[in-house]
Amino acid sequence: MKRCTRCILPETLPGIRFDADGVCQHCRRAPSPELHAAQRDRLRVKFEALVDSLRTQPGYHCLIAWSGGKDSTYTLWLLKEQYGLRVLSFTFDNGFVSPQALKNVREVAENLGVDHVIVKPSFDVLKEAFVASLQPEMYPAKALIRASAICNTCMALAKGIGLRIAVQNKIPLLAYGWSPGQIPLASAFIRLSSPMLQAMVDAAMSPLEAALNDQIATYFPERQQLMEAQVLPHMVAPLAFLDYNEETVLHHIRNLAWERPQDTDPNSTNCLLNSFACLLHTRQMGYHPYVMELASLVRDGYLDRQEALDRLEIAPIPEIVAAVEAKLGVRIADE
Ligand SMILES: [Zn+2]
């Protein structure tokens, strides 16, 4: 398969173009390392100014969407220990969270001394949502370039639940554990107006609403709440602009008794659905759902090109895929 000679984007990715040297348009447009560093630094300064202004306020300073994976666990540590914020953490349990990941969130919350809630929708609702996501047409093609349809479903629910909790409790900061490459730098620290936030909620909710009707509104903030909210949260993914290094991440979270689950595939440290979702997406779309993320890690110098290519080749674990199929009551065709 033809790939960009600089990053790893394949010819099967929608909209990809290569120049005469075989370099893709994403690499051509990428800022220089100096400019990229300056952009990250600017976000860090803005974020730290906000944190300084929040620290003396009463109530929760920050809500974090905490999957229990390594990056969001490290983000939680940063917010609590490095930045001294009063943090409420919530874990969205999609019915496929690894038992070790659930043990991790219980122990880390205890060791770090943070408040923690687990939100677990009924499995009937989750199952219906995931089965609907087996049809990639559920989402616009653009949404599938960065994540599988199944991941889109989970992210929409986690985003809706997080916003609802933040708005209801007037929490001024909503944090995510996205690591570099998982979101564009331009989205790493933003505050949306209520109409923009409403548009974001509508975009996340409408594919699920179409599949599940009125069961879904309860996981999203209500229109009225957003319009009347006195505090609309800043949304931040600190790892996208702070220094990121996997060894440092593991060092800090192991001190909190975090252990790597042995039952997930190597690309995920919390979710048992991941193998299945990646396999299905690759077959349906002709490219791996992590290829954009891995390509930007290569472009920004976080990951070696060959290592990124190797990660695309990680085979799904057949037992995990079979267990997901059994739990969802579906079977994806063998190839
Ligand atoms: Zn490229």
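Modeller: Helix α3 (residues 70–82) packs against helix α10 (residues 246–254) at an angle of about 70 degrees, with their axes 9 Å apart. Helices are DSSP runs of H or I with at least four residues, strands are runs of E with at least two, and both are numbered from the N terminus. Axes are lines fitted to C-alpha atoms, for helices over the stretch in contact, and angles run from 0 to 180 degrees between N-to-C directions. The angle makes α3 roughly perpendicular to α10 (65 to 115 degrees; under 35 is roughly parallel, over 145 roughly antiparallel, the rest oblique). This is a predicted model, in which local features need pLDDT of at least 70, side-chain atom pairs count only at pLDDT 80 or more, and totals for chains, interfaces and linings use all residues. Residues are numbered from 1 along each chain as its sequence is written.

The crossing of α3 and α10 is left-handed (the near helix is turned anticlockwise from the far one by less than a right angle; clockwise would be right-handed). On the α3 side the contacts involve Lys70, Asp71, Thr73, Tyr74 and Trp77, which meet Val249, Leu250, His252 and Ile253 of α10 (contact: C-beta atoms, placed from the backbone, within 7 Å).

Together, β1, α3 and β2 form a right-handed β-α-β unit (with the strands pointing away from the viewer, the path from the first strand over the helix to the second runs clockwise).

Strand β1 (residues 62–65) is covered on both faces: Cys62 and Ile64 are buried on one side, Leu63 and Ala65 on the other (buried: 20 or more other C-beta atoms within 10 Å of its own; exposed: 12 or fewer; partly exposed in between; C-beta atoms placed from the backbone). In a regular strand the side chains alternate between the two faces of the sheet.

With strand β2 (residues 87–92), β1 pairs in the parallel sense over 4 bridges (strands pair if DSSP finds at least two bridges between them). Leu63 has Leu88 as its bridge partner in β2, and Ala65 has Phe90.

Strand β2 is itself mostly covered, with 5 of its 6 residues buried. It pairs with strand β3 (residues 115–119) in the parallel sense over 5 bridges. Leu88 stands opposite Asp115 in β3, while Phe90 has Val117 as its bridge partner there. From β2 the chain passes through helix α4 (residues 99–112) to β3, in a right-handed β-α-β crossover. Helix α7 (residues 149–168) lies across β1, β2, β3 and β4, at about 150 degrees to β2.

These strands belong to an open sheet of 6 strands in the order β3-β2-β1-β4-β6-β5, with mixed pairing. Strands β3 and β5 (189–191) stand at the edges with a single partner strand each, so one side of each has no neighbour in the sheet. On average, neighbouring strands of this sheet are turned by 20 degrees against each other, direction ignored.

How values were computed: Contact = placed C-beta atoms within 7 Å.
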